[in-house]
Amino acid sequence: MSLLIFLFGILIALAGAWLLFRPESLFGLLIRHGRSFGLYLFAILIRLLLGAVLIQGAPDSRFPLVLLILGAISLVAASALVFMGQTRFHKLLEWAIKLAPDYRVVAGMSVLLFGVFLMYAVYP
């Protein structure tokens with residue numbers, strides 16, 4: 001599980017860097033696919049997978065309680081998206097994209113640091 005958490009950390013850190021350095025392409029991608037069922041399903045599945053991996057890998061990490069809590073938050077977020085429904089998910093996404101230019105740097109750095117934290121938490 002540590003390897004999967006490390007890989008998730010890399011992907012999350014890359015997403016943060018993408019948001020910092022190429023936000024137009026990321027927002028363009030989200031706008032183009034924002035109404036698709038595939039993006040909605042991907043958002044749910046990736047949170048479910050991340051939550052399960054974090055919970056399973058927490059005991060072998062440097063911060064077991066933190067990873068356990070983050071895993072639980074991820075599972076709750078996946079459940080919230082399911083109950084929210086696709087229409088509200090798209091409205092939430094559109095709202096977030098409108099706010100994005102003002103908070104791009106803060107969000108990008110936060111995502112990047114979260115990915116680095118995950119890598120550090122499981123690095124031997």
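G9 has its place in helix α1, where helices are DSSP runs of H or I with at least four residues, numbered from the N terminus. The model is predicted, so local features need pLDDT of at least 70 and side-chain atom pairs count only at pLDDT 80 or more, while totals for chains, interfaces and linings use all residues. Residues are numbered from 1 along each chain as its sequence is written, and side-chain values use heavy atoms, with hydrogens and water left out.

**G9 and its surroundings**
- G9 is buried, with a relative accessible area of 0%; buried means under 20% relative accessible area, exposed over 50% and partly exposed in between, with a 1.4 Å probe and protein chains only.
- Leaving aside residues up to four places away in sequence, G9 touches G115, L118 and M119, contact being heavy atoms within 4.5 Å.
- The C-alpha atoms of G9 and D60, which are 51 residues apart along the chain, are separated by 16 Å.

**Helix α1**
- The 20 residues of α1 (residues 2-21) should span 28 Å at 1.5 Å a residue, and the end C-alpha atoms are 28 Å apart, which agrees; the expected span is 1.5 Å times one less than the number of residues.
- I5, F8, G9, I12, A13, G16, L19 and L20 are the buried residues of α1.
- Seen down the axis of α1, these buried residues fall within an arc of 135 degrees, so they line one face of the helix; the arc is that of the directions from the helix axis to the C-beta atoms.
- L3, L11, L14 and F21, on the other side of α1, are exposed.
- The buried residues of α1 pack against α2 (23-33), α3 (37-57) and α4 (64-122).

**α1 with α2**
- The axes of α1 and α2 come within 5 Å and cross at roughly 110 degrees; axes are lines fitted to C-alpha atoms, for helices over the stretch in contact, and angles run from 0 to 180 degrees between N-to-C directions.
- α1 and α2 are therefore roughly perpendicular to each other, a term that covers angles of 65 to 115 degrees.
- In this contact, W18, L19, L20 and F21 of α1 meet P23, S25, L26, F27 and L29 of α2.

**Helix α3 and its crossing with α4**
- Among the buried residues of α3 are L39, Y40, A43 and I44, and the buried residues of α3 pack against α1, α2 and α4.
- The axes of α3 and α4 come within 13 Å and cross at roughly 75 degrees, which makes α3 roughly perpendicular to α4.

Key
Helices (H or I, at least four residues) and strands (E, at least two) are DSSP runs, numbered from the N terminus. Angles under 35 degrees count as roughly parallel, over 145 as roughly antiparallel, 65 to 115 as roughly perpendicular and the rest as oblique.
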